[in-house]
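Let's take a friendly walk through a protein model, one part at a time. Keep the picture open while you read.

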Amino acid sequence: MPLTATLPKTNEHGFYEMRMESIGGLGANVAGKIFAEAGVLGMGFNGVNFSSYGAEKKGTPVKTFVRFCDPRQHIRIAAPVEFPHMLIVFHENLLATGKALTHGMAHDTTVIVNSKHPVDKVREVVGMCGGGLGVVDAIGIAVDEGSRPNTVLLGAMTKASGFMDPEAVRRAISHNLAKYPRMLPGNLKAFDRGFQELELTEYACSIKHPPEPPPRFVSPLGYENAPMGGAITNPGNTMLRDLTPSRTGYIPQFFPEDCINDGHCEYTCPDYCFTFEKGIDRKGKEGMINLGIDYRYCKGCLRCVQACPTEALRKAVEDEDYVREHTVPQLGRKEW
Ligand code: SF4
Ligand code: SF4
């Protein structure tokens, strides 16, 4: 395949590098695969793509990396991308996890964020020094088009890159969705909208947000002070984890007037999101009463909606205000 474009910039090793920061369920792994396939098989670059993610399909952090270079160059680096030319944040709520997410940004890094908010507001949250910042409402578009957020972000990435051929990416999407022909039109439409609706702004470098080097993790434990036998003395838990970013535009809405407190939702929910409390039901009997959902732990799988026999749980498009007003914090968990 002859090379059909040139890379706008490369690092000292000759690579154009990208890092996608995501959470399981938003499709970053597949997006990286499609983007790399488009660049290598569709445009003639040499390239590589790989991801790091946790064991669970939804709700765990995902990092996806893409490297492109000249086709005559060998790729002998398999390390994560620390200083990306393009950084893509698959959900704005991930920015709350702090600098570890956005580390390695330089004055000319292009950042893309899936967000509904205006670009200037997003810039403050990202804390970027300078460079291009693109914002696109990937979840809103995905809900409209019946796609996943990743194809919207592929459109945004293609436009922001300035060198990727949209037709090559469209072909790679079609190839990867060949097994699901019914999903293809919506995903291609979502790709086009991501490309068209990306709002990209260039910022001059600001001293308010100086670039920061990537953090180096230094373990507090070493051979002198590690517990005998490698015992874990402080086991972690997920009590404070917020799974909000792993939802892809839909939530279960709870209608207590239709609830018969049979607990099917609670048995089905993989994340124990329901808040039950001892009380009196509508027939005057003592029992456990379903008070509602703690949405911080809800990853939007909607299994509870399928399990509910009375339609007391219904699928709905997510609305931030609704979620904030209707979350029922569980005992022992911090307030919203
Ligand atoms: S959608 Fe329902 S089953 Fe899935 S995590 Fe949320 S509350 Fe639990
Ligand atoms: S499954 Fe439906 S009816 Fe049963 S407790 Fe849950 S919400 Fe209520």
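## Two helices side by side

Helices H5 and H6 are roughly antiparallel to each other, because angles over 145 degrees get that name. The model is a predicted one, and in it H5 covers residues 149–161 while H6 covers residues 166–176. Their packing angle is about 160°, and their axes lie 10 Å apart. As for handedness, H5 passes H6 in a right-handed crossing.

Which residues of H5 and H6 meet? From H5 come Thr-151, Leu-154 and Thr-158, and from H6 come Pro-166, Val-169 and Ile-173. Sorted by class, this contact has four nonpolar and two polar residues, with no charged ones.

Now look for helix H1, which spans residues 28–41. The axes of H1 and H6 come within 8 Å and cross at roughly 125°. The crossing of H1 and H6 is right-handed.

On the H1 side, the contact is made by Val-30, Lys-33, Ile-34, Phe-35, Glu-37 and Ala-38. On the H6 side, the residues are Ala-168, Val-169, Ala-172, Ile-173 and Asn-176. By class, the contact of H1 with H6 has eight nonpolar, one polar and two charged residues.

## Two domains

How is the chain divided? Domain 1 runs over 16–203, and domain 2 over 249–326. The centres of the two domains, taken over C-alpha atoms, are separated by 33 Å.

The domains do touch: six residues of domain 1 are in contact with four residues of domain 2. The side of domain 1 that touches domain 2 has three nonpolar, two polar and one charged residues.

## Around the ligands

Let's turn to ligand 1, which is surrounded by 13 residues. Which of them are closest? They are Cys-269, Cys-273, Cys-298, Cys-301 and Cys-304. By class, the shell around ligand 1 divides into eight nonpolar, two polar and three charged residues.

Ligand 2 has 13 residues around it. Coming nearest are Cys-259, His-264, Cys-265, Cys-308 and Ala-312. The shell around ligand 2 has seven nonpolar, five polar and one charged residues.

Notes: Residues are numbered from 1 along each chain as its sequence is written. Chains are lettered from A and ligands numbered from 1 in the order in which they are written. This is a predicted model: local features need pLDDT of at least 70, side-chain atom pairs count only at pLDDT 80 or more; totals for chains, interfaces and linings use all residues. A residue is near a molecule or strand if its C-beta atom, placed from the backbone, lies within 6 Å of it. Ala, Val, Leu, Ile, Met, Phe, Trp, Tyr, Cys and Pro count as nonpolar, Asp, Glu, Lys and Arg as charged, and the others, Gly among them, as polar. Axes are lines fitted to C-alpha atoms, for helices over the stretch in contact, and angles run from 0 to 180 degrees between N-to-C directions. Helices (H or I, at least four residues) and strands (E, at least two) are DSSP runs, numbered from the N terminus. Angles under 35 degrees count as roughly parallel, over 145 as roughly antiparallel, 65 to 115 as roughly perpendicular and the rest as oblique. A crossing is left-handed if the near helix is turned anticlockwise from the far one by less than a right angle, and right-handed if clockwise. Two residues are in contact if their C-beta atoms, placed from the backbone, lie within 7 Å. Domain bounds come from an automatic or database domain assignment.
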